[in-house]
Amino acid sequence: MKWVQLLFSIVLAVIGGFLFQWIHCPLPWLLGPMIVVFIGSRLFKRIKPVWPGPMRDSGMVIIGYMLGLSFTLETFKQIGKQLPSMILLTALLLVCTYLIALMVAKFSGLNFPTVLMGSIPGGLSQMIALAEELKGIDLTVVTFLQVSRIIMIIFFVPLFIFSPLFGSSLHHSLPDTASAAAASWGGLFPHILVYAVVCTACALLWKKIKFPTAFLLGPMVATIILHLSGLSGPALPSSLVSISQLLIGGYLGLMLKPENLKNKLKIILLALLSGTALLICSVVLSLLLTQLHPVPLSTSFLSLSPGGMDQMGIIAKEVNADLSFVTCYQLFRTLFIFLVVPPVLKALFKAMHRRRASDKVA
């Protein structure tokens, strides 16, 4: 039955990709599989769709390779110049997240730690793992808020990017069709074999040492090292990029499980409200970034969008934004959330708990 379920899931994902491509939706091979697999998992009870984690991980390895190719020596010089802006804008985004969670918790009646941990951008696995360690956190709500935010970002960011708001920015960053056509399956060999082995090995190694988003960052770092050492990495055919999007989109479609929630309507409205507010904050901060550095609005917005590095990388590739710039900002936020945010949250929640305890005594 597992093979039947898997085959059924792949068929749903492929149908979704072709359907969204036919209606000219942005990122059809990410959004199509995600939406159709999600709907299929609710409509079909006898054959329940499944999407094994290794399939998603394979898609992440491909995206990691694609991101790594965008890095050059000049990129690392730019990172040094961008570091103060990265720190400032990441901190401002997290402050916005804190204030949004505070307001949502006040009006919804949910406890603040649960809402905050469900709202922090770019830290799905880390926040869920941390939520399991702390008392008084509703793990189901945290998971739903995190997953629904990711899906909202994936769905709405492409619509924003292709809207009139970003029209002038995209005018200078349309995909180069000539270079896209030059990327063929035959042009991958023989160098791709070396990259495939090294990227997969690095992904597994980083997973073993429990590094965040190992199947994305491991291949990305391996690709950067190989590429800068002189072994040129071939560009990926558009069909292979579409396959990687399908592998990620199908997995995301099965992550959202509203049936596990209590007070479904309230939590769904809460997720929409907090996700929309966070998107608006990202747009405002991206305008600030364009004032600090001469980058197009599309590049700055994707750099600060509260999604995952893999999804923002896919969209940046689609609109030919500055991929290395976007990756640097997204990577910095991922590492900041992984290294700095958990101890800060633990200290914050302990202080809140002590204050409540002293108030009760008083």
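## Close-up views of a predicted model

**View 1. The side chains of Asp57 and Arg56 meet in a salt bridge, 3.0 Å from N to O.** The model is predicted: local features need pLDDT of at least 70, side-chain atom pairs count only at pLDDT 80 or more, and totals for chains, interfaces and linings use all residues. Residues are numbered from 1 along each chain as its sequence is written, and side-chain values use heavy atoms, with hydrogens and water left out. A salt bridge here is a side-chain nitrogen of Lys or Arg within 4 Å of a carboxyl oxygen of Asp or Glu. By this rule the count is one. Side chains of opposite charge can pair when their charged atoms come close. Asp57 is buried at 15% relative accessible area, whereas Arg56 is partly exposed at 23%. Buried means under 20% relative accessible area, exposed over 50%, and partly exposed in between (1.4 Å probe, protein chains only).

**View 2. Leu88, Leu92, Leu288 and Leu292 form a nonpolar surface patch.** Together these leucines have about 290 Å² of accessible area, computed by the Shrake-Rupley method with a 1.4 Å probe; for residues, only the protein chains shown count as cover. Patch residues have over 30% relative accessible area and no salt bridge; nonpolar side chains (Val, Leu, Ile, Met, Phe, Trp, Tyr) are joined within 5 Å, and like charges within 9 Å. Helix H4 (73-108) and helix H13 (264-292) each supply at least two residues of the patch. Helices (H or I, at least four residues) and strands (E, at least two) are DSSP runs, numbered from the N terminus. Leu88 sits in helix H4. Leu88 is partly exposed, with 41% relative accessible area.

**View 3. Thr327 lies in helix H16, residues 323-339.** Thr327 is buried, at 1% relative accessibility. A polar atom of its side chain lies 2.7 Å from the backbone oxygen of Leu323. A polar contact is a pair of N or O atoms within 3.5 Å; within protein, one must be able to donate a hydrogen and the other to accept it, and residues adjacent in sequence count only if both atoms are side-chain atoms. Leaving aside neighbours within four places in sequence, Thr327 contacts Leu67, Phe71, Met220 and Met309. Contact means heavy atoms within 4.5 Å.

**View 4. The sulfur of Cys281 is 3.8 Å from the closest cysteine sulfur, that of Cys96.** The disulfide count is zero. Cys281 is buried at 18% relative accessibility. Cys25 is also buried, at 16%.

Methods:
A disulfide is a pair of cysteine sulfur atoms within 2.5 Å.
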